[in-house]
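This report describes selected backbone features of one protein model.

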Amino acid sequence: MNEAPAAKDGISRRKLLIGGGAGVGLFVAWGLWPRRYAPNMRAVDGEHLFGPWLKIAEDGKVIVAIPQSESGQGVYTALAQIVAGELGADWRSVAVQPVSASSSFANTVLARAWATVFLPENIALDVDVGPVANSIDEIARRETFVATGGSSSIRQFERPCREAGAAARTLLCQAAAARWGIAWEQCRTDRGFVIAGQQRLSFAELVVEASALEVPSPIPLNPSARNRLSGRDAPRLDLSAKVDGSVNFAGDVRLPDMVFAAVRAGPAGNTRLSSVDEKAALNMPGLLEVVKTDKWVAAVASNWWAANNALDAMAPVFRTKGRMADSTEIAQSLSNAIAKGPGFRATKIGDVDVAMAPEAGARIFKADYTVGAAVHAPIETRSATADFRDGRLQLWLATQAPYSACLAAAKAIGINVDDVVHYPVMAGGSFDRNFDNSIAAQVAVISKAVGRPVQLTWSRPEEFVRDHVRSPALGRLSAAMNAKGAVKGLTVRVAAASSMRELANRMNGQNVDTARKSASGQYDLLALEGAQIPYAIPNISIDHFPVSMPMPTGPWRGLANSYNCFFVEGFIDELAHKAGVEPLSFRMRMLAGQTRLARCLKGVATMVDLDVGAGGSGRGIACHSMRDSHIAVIVTARNSESGVRVDRIHAMADCGRLINPDLARQQIEGGIVFGLAQALGSATNFERGLPTARRLQDIDLPKLADMPEINVELVRNDEAPGGVSELGVPAVAPAIANAIFSAAGIRLRELPLLSRGL
């Protein structure tokens with residue numbers, strides 16, 4: 001077993017030399033690097049900028065810049081709520097404006113979390129060490145690392161948003177104080193007014209004077225992050241537009257002289273376009289042009305339906321050399337990886353070899369857990385609009401990595417990235433699908449070829465064929481238990497692709513195939529995210545066995561937490577039954593020092609009656625910690641004539657200080673539904689290089705009739721905000737599997753749970 005540099009959080013304390021990009025080198029010329037970045041939000045007549053985050057109009061409207069992709073998680077509302085709360089604005093006067101990538105909005109929280117995958121595997125770092133953390137932050141800003149993912153938006157931007165609101169509040173107070181002849185510290189703001197005693201002036205009356213003043217340093221924040229807005233159930237700012245249909249997604253963009261395109265490509269791997277019957281489409285109504293590369297072919301028409309039909313008529317043929325994706329072969333490669341290695345040890349506590357030795361006298365239990373390739377399947381398939389003219393490209397696209405999208409588009413048509421203008425739009429779902437920016441390159445090529453604005457939309461089959469799936473994975477777990485039922489040793493071996501290294505390579509400009517090959521065989525600490533054991537077990541080892549996949553893989557909602565929690569919490573439940581101890585009590589007695597997670601377990605237990613009911617019903621429990629948040633889930637299931645049915649799901653979550661409790665509840669409830677979908681479906685097999693799933697009906701998503709009653713309660717405290725949007729996903733599938741065992745005595749160790757025809 002090779003030792004991956006590992007210590008705290010799986011990362012060792014070694015000297016870090018980092019340089020240009022996210023690669024390896026040496027920091028030089030620090031003095032030449034900019035420390036301040038100009039705002040990229042523009043003010044029109046009657047508006048005044050207050051830094052990169054905020055502008056205030058002369059009619060009192062407050063407009064907050066949003067650098068993050070809105071895909072339903074409520075980031076438009078949450079970030080605006082933080083700014084407006086610190087500012088003292090009237091929520092009815094608050095609006096948002098999505099802005100393009102800027103160094104001002106670099107996501108340093110995500111950069112630190114993902115730093116290991118942007119570095120070669122022989123480089124290790126401790127992101128908690130001050131100089132290293134500062135270096136990563138500076139690189140993130142320098143390289144415009146703007147990204148939406150990892151439940152990081154609030155954790156990253158709460159402080160900058162508070163500072164933005166506080167700076168504008170201070171300037172408005174200074175402007176009012178100058179009129180009143182008092183010290184500005186005597187002023188306060190509330191509901192869009194500056195107030196001092198009985199005197200009050202609206203923001204609209206003060207904005208011109210305030211915008212000409214200088215912000216004091218340090219920026220005077222309010223004493224508490226809690227205020228009249230932050231921590232309250234403020235209405236979502238995007239709700240009405242989504243209800244009445246006025247919101248613009250990428251597929252809603254309309255430009256003068258615009259045409260529509262559909263595209264077709266072959267299986268992943270060394271695939272080339274072999275032939276296409278263009279003559280068969282010549283008489284198709286609406287067809288205007290055919291654009292080909294060595295990897296794909298696009299039809300351009302007066303409408304998308306005509307373009308897609310033209311592709312069907314052309315019947316493109318692709319040839320693939322070498323390995324092609326096949327589910328049977330993938331399963332064997334996962335097993336071989338653990339059996340033959342090499343593996344990389346990320347966590348080592350105590351000595352598992354001694355704990356597992358025969359002379360130790362412990363009982364040894366082993367189990368294999370597997371998960372299939374999970375597809376993202378957002379409601380909106382990938383769509384983008386582009387207009388290339390006079391050497392510049394305008395791009396309308398929903399993306400979680402906007403600067404990377406601009407790089408991909410620029411590289412595809414041979415222009416400078418500074419000549420790409422990106423207009424952010426809302427996403428119709430994503431679940432990390434929108435880290436894939438290959439559509440940006442495609443639409444740029446097509447627009448340049450036809451000389452007109454083009455809107456490219458992928459069909460649902462194309463979406464599935466092109467998906468960067470959540471890696472299939474195998475978890476091989478072993479435990480040593482003494483005669484009293486105490487777990488003395490635990491090993492977790494995970495075989496999976498190095499998906500996050502693959503993503504990092506793509507974000508650094510490599511194409512899909514090169515990125516996959518470059519990541520092959522390299523260990524990926526993020527492939528073990530969620531495998532960290534919260535329980536007080538004296539001897540633990542956690543290993544990653546990288547597996548080269550024949551198809552692209554990437555992040556999926558919850559990243560590796562989605563499968564590692566299934567491995568760990570399913571196996572812990574097995575050990576509880578082996579020890580003859582009720583599963584909740586078994587977990588609780590091992591949660592030394594895990595106060596917040598233990599509180600969630602106790603809390604969810606009070607929400608339900610844990611006694612097994614009559615009629616073959618049962619309950620399953622699972623818990624998980626991720627992104628500084630914690631959750632415990634109890635699933636109630638029962639036997640029915642058609643099989644085992646999930647009736648209720650209860651959850652208790654601790655996400656720290658909540659910006660908008662209703663948003664948090666929405667995200668956890670949505671995550672639970674996503675976790676239910678993971679348990680029932682969301683996966684595809686592969687045959688001859690292609691996924692067997694081509695339509696939504698092929699992935700067994702839960703229907704409304706299948707939905708159980710869902711109850712979520714939130715722990716209220718003043719801890720720093722944790723991640724919310726992915727928290728509901730990981731613990732649901734193991735809780736369902738554990739409930740099925742409780743109800744029917746069947747132990748399911750494979751996701752989807754119905755994959756064996758049960």
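A315 is placed in the loop between α7 (304–314) and β13 (317–321); helices (H or I, at least four residues) and strands (E, at least two) are DSSP runs, numbered from the N terminus. Its phi is near 45 degrees, a positive value in a residue other than glycine. A315 has 47% relative accessibility and therefore counts as partly exposed. The terms are defined by relative accessible area: buried is under 20%, exposed is over 50%, and partly exposed is in between (1.4 Å probe, protein chains only).

The model is predicted, so local features need pLDDT of at least 70 and side-chain atom pairs count only at pLDDT 80 or more, while totals for chains, interfaces and linings use all residues. Residues are numbered from 1 along each chain as its sequence is written, and side-chain values use heavy atoms, with hydrogens and water left out.

R627 is another residue other than glycine with a positive phi, near 55 degrees. R627 is found in the loop between β24 (618–626) and β25 (629–640). With a relative accessibility of 11%, R627 counts as buried.

Helix α3 (residues 130–142) has 13 residues, which should span 18 Å at 1.5 Å a residue, and its end C-alpha atoms are 18 Å apart, in agreement. The expected span is 1.5 Å times one less than the number of residues in the helix. The buried residues of α3 are V132, A133, S135, I136, D137, E138, I139 and A140. The cover over these buried residues includes α2 (108–113), where contact means heavy atoms within 4.5 Å. T144, which follows α3, has a positive phi, near 50 degrees.

Helix α11 (residues 438–450) also has 13 residues. From its first C-alpha to its last, α11 reaches 19 Å, close to the 18 Å expected at 1.5 Å a residue. Its buried residues are I439, A440, A441, Q442, V443, A444, I446, S447 and V450. After α11 comes G451, with a positive phi near 70 degrees.
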